[in-house]
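This briefing goes through one structure topic by topic. Please keep the sequence and the 3D view open while reading.

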Amino acid sequence: MKTIDLRSDTVSHPTPAMREAMAKAVVGDDVYHDDPTVNQLEADAAELLGKEAAVFVTSGTQGNLCALLAHCNRGESIIIGDSSHIFRYEQGGMAQLGGILPHTVPVQADGTLRLCDLESAINPDDEHKPVTRLVALENTHNMAGGMPLSAEYTDAVADFARRNLLIFHIDGARIFNAAAAYGVDVKTLVAGADSVTFCLSKGLCAPAGSVLVGRQDFIRRARRARKVLGGSMRQVGILAAAGLVALHTMRDRLSEDHDNAQLLAEGLSELPDICIKGQNTNFVFFSLSDDAGISLDEFVGALRRDYNIFMSPYSGEQGLIRLRTHYWIDRSAIDKVIAAVSSLVS
Ligand SMILES: *Cc1c(COP(=O)(O)O)cnc(C)c1O
């Protein structure tokens, strides 16, 4: 029985085209800038996002940290959402390694930060306070349930940053999901940002790697940060080759994942005892009603044991299951999941 793994889009694995490109990749020592495949990936990523330059990093976490280390000095402060990935799930790397202080503001249900909250998070020019250097958004917003942020909203934050002489960073781990959700060129979603991180893994299916884009001088500093973090690799064109396939062939199909997430939510919502709590982009959240006659753990266990369907209780909120669709979850998998869940709850 084929495994249907809905725990996350991070479980997606490389496509046959990626494996072929990896086998054939021309490589060199990337620390010498000698890897033509990495150079190509960086050039294409910069162009696609409308920025001057790019650096290939090992992960989204490393990309965000390189960005913050390159943008901020020790003792400076950044404004960031209180449920953002950078604040909640990156071990406070900015503070541990960069001496950077996060000043959190509440993330709204739609994944945005209110401009009035941003405004009041800026420290005055006062020797008691750290200097506020940067503001960061997350698009799509993970903890807000995969919410995509619009170009209009991002432009408003860019304008706020410009007026207040702040640097503007976007954690765009799933920025291409946001572009697919709005049906826009990704450039419009990052036009006002000084830097953007995005993942080649997750929905784009590359086995590893993220890219950080921004101005030339910033990318030079980010490269130094990557080196001290141990993230400079050698013949890494092997991975960049998969990244190029991801960048050029996997973006346009992300709307299929969103359609499948919607179909899954619709199908599940028609079953007794299933309460859909949200569906945005490739995320679906649901809970079991108290009358379901099966606990969440039993439910997850039975799906895995009897149907080879992998789900896991959501760590962010008790009693919820979060599903994420991806390339390896097709229409027929959605039907199988709905049928399996139906057999467990009715
Ligand atoms: C996945 C993710 C990252 C980076 O995660 P890595 O596992 O380090 O690649 C950063 N931000 C968000 C919003 C994410 O979902």
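**Serine 8 and the model**

The side chains of serine 8 and aspartate 9 make a polar contact at 3.4 Å. This is a predicted model. Serine 8 sits in the loop between strand 1 (4-5) and helix 1, and counts as buried because its relative accessibility is 6%, under the 20% that sets the limit for buried residues.

**Ligand surroundings**

- The shell around the ligand consists of Ser59, Gly60, Thr61, Asn64, His85, Glu90, Glu138, Asn142, Asp171, Ala173, Arg174 and Lys202.
- By residue class, this shell holds one nonpolar, six polar and five charged residues.
- Helix 3 (residues 60-71) supplies three residues, the largest share of the shell.
- The side chain of threonine 61 has an N or O atom 2.6 Å from an oxygen atom of the ligand.
- Aspartate 171 places a polar side-chain atom 2.6 Å from a nitrogen atom of the ligand.
- For histidine 85, a polar side-chain atom lies 3.4 Å from a nitrogen atom of the ligand.
- On its own the ligand has 380 Å² of accessible area, and the protein covers 83% of that area.

**Helix 3**

- Helix 3 has twelve residues and spans 16 Å from its first C-alpha to its last, close to the 16 Å expected at 1.5 Å a residue.
- Its buried residues are Gly60, Gln62, Gly63, Asn64, Leu65, Cys66, Ala67, Leu68, Ala70 and His71.
- Because ten of its twelve residues are buried, helix 3 is largely enclosed by the rest of the structure.
- Two of these buried residues, Gly60 and Asn64, are also among the residues around the ligand.

**Helix 13**

- Helix 13 (residues 296-307) also has twelve residues, and its first and last C-alpha atoms are 16 Å apart, close to the 16 Å expected at 1.5 Å a residue.
- Leu296, Phe299, Val300, Ala302 and Leu303 are the buried residues of helix 13.
- Viewed down the axis of helix 13, the buried residues fall within an arc of 160°, so they line one face of the helix.
- An α-helix has 3.6 residues a turn, so residues three or four places apart point the same way.
- Asp297 and Arg305 are exposed and sit on the face of helix 13 turned away from its buried side.

**Backbone features**

- Most residues other than glycine have a negative phi, and most peptide bonds are trans.
- Histidine 33 is not a glycine, yet has a positive phi of about 65°.
- The loop between helix 1 (16-24) and helix 2 (36-49) contains histidine 33.
- Threonine 281, another residue other than glycine, has a positive phi near 40°.
- Threonine 281 belongs to the loop between strand 9 (274-280) and strand 10 (283-288).
- Why does threonine 281 count as buried? The reason is its relative accessibility of 7%, which is under 20%.
- The side chain of threonine 281 also reaches the backbone oxygen of glycine 146, at 2.7 Å.
- The peptide bond from asparagine 139 to threonine 140 is cis, with omega near 0°.
- Threonine 140 is found in the loop between strand 5 (132-138) and helix 7 (151-163).

**Helix 12**

- Alanine 265 is part of helix 12 (residues 254-269), and counts as buried at 8% relative accessibility.

Definitions and conventions. Residues are numbered from 1 along each chain as its sequence is written. This is a predicted model: local features need pLDDT of at least 70, side-chain atom pairs count only at pLDDT 80 or more; totals for chains, interfaces and linings use all residues. Side-chain values use heavy atoms; hydrogens and water are left out. A residue is near a molecule or strand if one of its heavy atoms lies within 4 Å of it. A polar contact is a pair of N or O atoms within 3.5 Å; within protein, one must be able to donate a hydrogen and the other to accept it, and residues adjacent in sequence count only if both atoms are side-chain atoms. Accessible areas come from the Shrake-Rupley method with a 1.4 Å probe; for residues, only the protein chains shown count as cover. Helices (H or I, at least four residues) and strands (E, at least two) are DSSP runs, numbered from the N terminus. Ala, Val, Leu, Ile, Met, Phe, Trp, Tyr, Cys and Pro count as nonpolar, Asp, Glu, Lys and Arg as charged, and the others, Gly among them, as polar. The expected span of a helix is 1.5 Å times one less than its number of residues. Buried means under 20% relative accessible area, exposed over 50%, partly exposed in between (1.4 Å probe, protein chains only). The arc is that of the directions from the helix axis to the C-beta atoms.
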